[in-house]
Amino acid sequence: MQVVSVGFSPVKGMRHTSYDEVALDDHGPVGDRAFCLVDVERRTVLRTVTHRALLAVVAAWDGSVLDLELPDGRRASAPPVLTGERVTCDYWGRSVAHELTDGPHAALLTSYLGKEVRLAASPRGGVVYGAPVSLLTTASLRDLGERTGRGDLLDTTARFRMTMVVDAGDEPYAEDGWAGRELRVGEAVVRIRGPVGRCGVIDLDPTTGEKDGSLLKALSRYRPTTDGEPWFGVDAQVVTPGAVRPTADPSETF
């Protein structure tokens, strides 16, 4: 198995970024969705599917400074200062407490989105829907691309927002049968939990947030579903922490 790409976003809903290396610890990718945007009055976490413009915001987090850049070039770069004020929000049936921050980020994003928001620090896994690591195979991408006439899917894998894209051979959807299996990826070992159900985010351009296809409808025609969401990829827990780096040229596996 070769790792083709690894990535995540440090702020929930913002652009999924590819990295040369991602560290997995017991809780998942270090830095993944460390922050989220909160509507304090409604006590809700902003989600990509209802705030598409977030996909155009590039976030970088080095553990000290959070840098946010808007598509028009405006940016905020500063340490997000924890205030001690907590806001508990429902996230897919779970009550999760997020700690609000001070800094220039909230004002920038409030101006950009046209609504009052606060940047909050989330507990590890607090705004992750399923298990903390997710994987998708190039064979599955190839099959979906052929079915839909979309030859660009490997170039826009960020739309699927997976921790890893892997080359595991030529069988599409082989990952459907990996539940319970332990896989070595780079220096880490993960245990597959089960399939990932997909929502309308996969139909959005991963750099602009504009709708650019009907992949969700295509998947719904031929893939198994959970609560109406078609499977595409799997999620996993970390068994052995370690670093994961891309080991394959994507053009050679797609």
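1. Sheet 4-3-19. Three strands form an open sheet in the order 4-3-19, with antiparallel pairing. Strands here are DSSP E runs of at least two residues, helices are H or I runs of at least four, and both are numbered from the N terminus. Two strands pair if DSSP finds at least two bridges between them. Strand 4 (28–29) and strand 19 (242–244) are the edges, each pairing on one side only. Strand 3 and strand 19 run antiparallel and are joined by three bridges. V22 has V244 as its bridge partner in strand 19.

2. Basis of the model. This is a predicted model: local features need pLDDT of at least 70, side-chain atom pairs count only at pLDDT 80 or more, and totals for chains, interfaces and linings use all residues. Residues are numbered from 1 along each chain as its sequence is written, and side-chain values use heavy atoms, with hydrogens and water left out.

3. Largest nonpolar core. This core has 19 residues, and L24, V133, L135, M164, V185 and V244 have the most contacts inside it. Strand 1, strand 3 (22–25), strand 13, strand 14 (164–167), strand 15 (182–185), strand 16 and strand 18 each supply at least two of its residues. A second, separate core of 18 residues includes L46, L54, L68 and L109. A nonpolar core is a set of buried Ala, Val, Leu, Ile, Met, Phe, Trp, Tyr and Cys residues joined through side-chain atoms within 4.5 Å. Buried means under 20% relative accessible area, exposed over 50%, and partly exposed in between (1.4 Å probe, protein chains only).

4. L24. Residues up to four places away in sequence aside, L24 touches P29, V133, M164, A188, V190, V238, P241, G242 and V244. Contact means heavy atoms within 4.5 Å.

5. Strands 15 and 16. In a regular strand the side chains alternate between the two faces of the sheet. Strand 15 pairs with strand 16 in the antiparallel sense over four bridges. The partner of V185 in strand 16 is A188. Two residues lie between the strands of this hairpin, where G186 takes a positive phi near 65 degrees.

6. Largest pocket. What volume does the largest pocket have? About 820 Å³. Its lining has 38 residues, with R33, Y129, V196, G197 and C199 the closest to the centre. Strand 16 gives the most to the lining, with four residues. By class, the lining has 18 nonpolar, 10 polar and 10 charged residues. Ala, Val, Leu, Ile, Met, Phe, Trp, Tyr, Cys and Pro count as nonpolar, Asp, Glu, Lys and Arg as charged, and the others, Gly among them, as polar. A pocket is an open set of points on a 1 Å grid over the protein atoms alone, where a 1.4 Å probe fits, with protein on both sides within 12 Å along at least five of seven lines; lining residues have an atom within 4 Å of a point. Grid points are joined across faces, edges and corners, and the volume is the space filled by probe spheres set on them.

7. D203. Is D203 buried or exposed? D203 is buried, with a relative accessible area of 7%. D203 sits in the loop between strand 16 and helix 3 (215–222). Beyond neighbours within four places in sequence, its contacts include R159, E210 and K211.
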